[in-house]
Structure formats: structure tokens, C-alpha cells
Amino acid sequence: MVLVTDLASAVDHVPEKFVRPISDRPTLSEADNSGDSIPLIDLRELHGSRRTDVVLQLAHACHSYGFFQIKNHGVPETTVSNMLTVAREFFRQPESERLRHYTADTTKTTRLSTSFNVNSEKVSNWRDFLRLHCHPLEEFRHEWPSSPPSFRDTVAEYSTAVRKLVLDLLEAISESLGLSSDGVEKKLGGHGQHMAINYYPPCPQPELTFGLPGHTDPNLITVLLQDDVSGLQVFRNGKWVSVHPVPNTFIVNIGDQMQVISNDKYKSVLHRAVVNSEKERISIPTFYCPSPDAVVGPADELITDLSPSVYRSFSYSEYYDRFWNRGLANVTCLDLFKASSH
Ligand code: OGA
Ligand code: NI
């Protein structure tokens, strides 16, 4: 069986290829489950008289946490619930229907796959995922699954609404860095937007494997929608901290490109997904990114005598290829792009 969704219902133990070495297991009992994990920012005033206050909260969250939750984000509740429903429906289809989209080629713009990168990794992860490019919409929409029948319309509506939210956030984050409102946006070339629909089936031995092992996101900024099942953990102060789902919120995290543009003011933080023996879990990250040809480097205004450029300039496609080909290690790709390493 290629996909873990179908394997999961047929086994009562985790097959060898998913078992992590002892030194690299989730140690679930050691995670901080208190629930008091990352800031919750109310975006209602983003276009109101207290915008400066929101911008200050963003600055603090991006600098000290690299992760935050947002409420009153402007994406309609029905758009969100339809997205979750169609995602669930997609993964509940017969295997033969899902497999029409399967490929291990990481350069394909629409693809169903499993684990992380089956070409380069030694141990597999307890996850299947569908990845889609979403911007420009009309360039990619015809590649998307046409089953379930509402898939394309629902995903188009959701990704358009999330793009608008991201553009608002980018303006505020630019201001929070002391740049003009379009400071970050200007570095992205034509812009890119990818989406993953992650499906984590119940796992008979969740302490032996990961849904996704620790990683930082290679893109600019990620907006994560999750269902009501916990699984995301963020690395903070030397510990893995669980981020439990809060209804009507998104989780936002700073990706590697924002760390570069901010010249290390903002941090792209390690996170991972653990699985559980009871319930399936769906998470839907939107990865907002530069276009492949965009040349990324720290914003000029943030390079000074006291804080010289930490990174060299590079094309986003160079970075992205490194990310996929390296295999998800508990280290970030960022070190390969430091100014001092060439
Ligand atoms: C990712 C990711 C976390 C989750 O897809 O990059 O970090 O909770 N997902 O599924
Ligand atoms: Ni991630």
C-alpha cells in the first residue's frame, strides 16, 4: 500500500519503516500540554483606530515566538468549514480515486503524496498530503482534483480569502519591522501560494513515529487551519509545546524567508506534528511564498553597521530545491544561506 490512510486501517502496530530510532521519538509525555502556548492576536482593529496596537502585538509575537494565533481574521466561517469538509471528503474517497493524483515528483504543482519526501528519507511519517498551487488561481485550478465535485470551487474560495488575509498581515508585519507597508511584499517577485491538505490517520503506536518531524517552513509565512484534534507542537525554550485548536482561529508562523528579509529580527521556529491512536486529524497550511525567480535577501533598511547582513541574496527556487532535497532534518536550511558561508 502506498498511502498511510489505507495502511492505517489494516494494521494494529506501526510497520518497521515508520519506526524512529529511540533518540528521535516524540516522547509525548514530556511535551508541555498546558495550552498556554502562543499569543492570540485579535485582528479586528487592523483597519481601525488601534492599528498601531495590533502592529506592536505582531512585532512581539514574530520576534519572541515566531508563532501566533489570530481571531477576527476576516475569512468567513462557512468558507472555513466548507474547506475542512471537502478536505475530509477528499481523503474518504476510495484509494483508487485518490491515487489518480499520486506522484513522488516534488516539482509537480498538484500532487498527492505521503510522508515528506519518499525519495530522500530513511524513515516514513504517518501522513498523507495533497499539495496544490493556488496563485495565480487560473493557472493551477484546472489541475486540482475534480472529485469531490465541489472541490475546486471550495478551495478557490478559501485560498482567495486566505490570500487577502495574508496580504493584510504582510502590510502590518512590514510596518512592525519599521519598513513601509509594501516593504516585505516588494521582495516577493510575482508571489506564490501553495496549500497542503495534511491527513494524519489514527496511529496504533503514536510514540514511535511522527506525523511530521521537526522542521521550519521554507516559505515566507504560513497560515494553518486545523480541525479540532490536537497534534501541532512548537519548540520553545528547549521544550516541545502543544498548540491546541481554538475554534475560529488560524495559526500563523514565520517562515525562513521572513527570517531572512527581517535579517533575523523575526524567527522561523521549529515545529512538528504528532499523531494519536484515537482520531484522524486534518490540517491545512497555506504557504505564502516568493515566486521562484524572486531574489530574496535582508531588506536594505534592516542592514546597518551594527546589524550587518546575516544572509546572502539567493533565488527562492534555489532555497526551495534545497529544502525538498535535504530531507526534513531537525536543522534549518537557513544556515546554508548565511553571508559568511560563501
Ligand atoms: C506543515 C506543518 C503542522 C500540522 O505542513 O508544514 O507544519 O499541524 N504542519 O499539520
Ligand atoms: Ni510546517
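Colleague: Phe-90 and Phe-91: buried or exposed?
Modeller: Both are buried. Buried means under 20% relative accessible area. Note that this is a predicted model.

Colleague: How many aromatic pairs does the structure hold?
Modeller: Eleven.

Colleague: Why is the pair of Phe-90 and Phe-91 called edge-to-face?
Modeller: Start with the distance. The ring centres of Phe-90 and Phe-91 are 5.2 Å apart, and rings pair if their centres lie within 6.5 Å. Then take the planes. They stand at 80°, and planes over 60 degrees apart count as edge-to-face. So Phe-90 and Phe-91 are an edge-to-face pair.

Colleague: Which residues form one aromatic cluster with Phe-90 and Phe-91?
Modeller: Phe-151 and Tyr-199.

Colleague: How do you know that the charged end of Arg-127 sits over the ring of Phe-129?
Modeller: The charged end of Arg-127 is 3.9 Å from the ring centre of Phe-129. The cut-off is 6 Å, together with a limit of 35 degrees from the ring normal. Arg-272 sits over the ring of Trp-240 too, at 4.2 Å from its centre.

Colleague: On to the helices. What makes the span of α2 close to the one expected?
Modeller: Helix α2 (residues 51-64) has 14 residues and reaches 20 Å from its first C-alpha to its last. At 1.5 Å a residue, 20 Å is expected.

Colleague: Which elements do the buried residues of α2 pack against?
Modeller: β1 (40-42), β2 (67-71), α6 (151-176) and β10 (250-254). Among the buried residues of α2 are Val-54, Val-55 and Leu-58.

Colleague: Why are α2 and α6 called roughly perpendicular?
Modeller: They pack at an angle of about 80°, with axes 9 Å apart. Angles of 65 to 115 degrees count as roughly perpendicular. Therefore α2 and α6 are roughly perpendicular to each other.

Colleague: Which residues of α2 meet α6?
Modeller: Arg-51, Val-55, Leu-58, Ala-59 and Cys-62. Their partners in α6 include Leu-169, Ala-172 and Ile-173.

Definitions and conventions: Residues are numbered from 1 along each chain as its sequence is written. Chains are lettered from A and ligands numbered from 1 in the order in which they are written. This is a predicted model: local features need pLDDT of at least 70, side-chain atom pairs count only at pLDDT 80 or more; totals for chains, interfaces and linings use all residues. Side-chain values use heavy atoms; hydrogens and water are left out. Rings of Phe, Tyr and Trp (its six-membered ring) pair if their centres lie within 6.5 Å; planes under 30 degrees apart count as stacked, over 60 as edge-to-face and the rest as tilted. Buried means under 20% relative accessible area, exposed over 50%, partly exposed in between (1.4 Å probe, protein chains only). Helices (H or I, at least four residues) and strands (E, at least two) are DSSP runs, numbered from the N terminus. The expected span of a helix is 1.5 Å times one less than its number of residues. Contact means heavy atoms within 4.5 Å. Axes are lines fitted to C-alpha atoms, for helices over the stretch in contact, and angles run from 0 to 180 degrees between N-to-C directions. Angles under 35 degrees count as roughly parallel, over 145 as roughly antiparallel, 65 to 115 as roughly perpendicular and the rest as oblique.
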